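This briefing walks through one protein chain, from its overall layout to a few selected residues. Please keep the sequence and the structure in view while you read.

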Amino acid sequence: MADLATAAVVGPAAAGAAPLLEVRDLKVYFPFRRGSWLRPERGFIRAVDGISFTLEAGRTLGLVGESGCGKSTTARACLNLVRPTSGSVRLNGISIAGLSDRRMLPHRRAMQMIFQDPFASLNPRMTVGRIVGEPLSIFERLGRRDRELETLRLLELVGLNPRFLNRYPHEFSGGQRQRIGI
């Protein structure tokens, strides 16, 4: 089954506003070297080679294709987790290419990758409460008690019993894991 990465961006829609996400001629190449030190061979792996798309407010974008075709690399470039070789990525009209991790933090709050195989994206050593609560610590900077309450609220919001807070990912069905990831 082909791997699936979805970049979902949410934000306020305004009349005449710039698209939430605009990607133009995105290219991500990874350099490689192989061969012996006497006869080194150098080149590039073209993970993403010229993709363009626009995502408007209130829409969801799914990147679908064969394994190894660059879906995850595209999503990572949209989150500025890998640097594009060329092209542009604009979030709410702002170019995010080259922004530091610190300057990307407010932008990453509005974006998320969701993988087809949720088990692969969940840390099997962490409880669901820690998995859901971790972004609240990083992005919302909530105290322990507020984070626990918000974690319980979020579990209920996606239809999971708050009593499952101390369970591990392997104890859930695929659909439940997907909701935990979201």
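Accessible areas come from the Shrake-Rupley method with a 1.4 Å probe. By that method the chain, which is a predicted model, exposes about 11500 Å², and carbon and sulfur atoms supply 51% of this area.

**Overall layout**
- The chain holds 6 helices and 7 strands, and from the N terminus on these elements follow the order β-β-β-β-α-β-β-α-β-α-α-α-α.
- Taken along the principal axes, the box filled by the C-alpha atoms of the chain is roughly 60 × 50 × 30 Å.
- Of the 182 residues in the chain, 33% are buried.
- Among contacts in the chain with a separation of 6 or more, 63% are between residues 24 or more positions apart.

**The nonpolar cores**
- The largest nonpolar core has 22 residues, and those with the most contacts inside it are Leu21, Val23 and Leu26.
- Two or more residues of this core come from each of strand E2 (21-35), strand E3 (40-55), strand E4 (61-64), helix H1 (71-78), strand E5 (86-91) and strand E7 (111-115), and E2 gives the most, with 4 residues.
- Leaving aside residues up to four places away in sequence, leucine 26 touches Val48, Asp49, Gly50, Ile51, Thr74, Ala77, Pro84, Ser86, Gly87 and Val89.
- A second, separate core of 10 residues includes Met126, Ile131, Val132 and Ile180.

**Helix H6**
- In helix H6, which spans residues 174-181, the buried residues are Gln176, Arg177 and Ile180.
- These residues lie on the same side of H6, because they cover an arc of only 100 degrees around the axis.
- The cover over the buried residues of H6 includes helix H3 (118-121) and helix H4 (128-140).

**Glutamate 140**
- Glutamate 140 has its place in helix H4, and it is described as partly exposed because its relative accessible area of 41% falls between the limits of under 20% for buried and over 50% for exposed.
- Not counting residues up to four places away in sequence, glutamate 140 touches Arg109 and Pro135.
- Arginine 109 and glutamate 140 are 31 residues apart along the chain, while their C-alpha atoms are separated by 8.9 Å.

Notes
Residues are numbered from 1 along each chain as its sequence is written. This is a predicted model: local features need pLDDT of at least 70, side-chain atom pairs count only at pLDDT 80 or more; totals for chains, interfaces and linings use all residues. Side-chain values use heavy atoms; hydrogens and water are left out. A nonpolar core is a set of buried Ala, Val, Leu, Ile, Met, Phe, Trp, Tyr and Cys residues joined through side-chain atoms within 4.5 Å. Buried means under 20% relative accessible area, exposed over 50%, partly exposed in between (1.4 Å probe, protein chains only). Contact means heavy atoms within 4.5 Å. The arc is that of the directions from the helix axis to the C-beta atoms.
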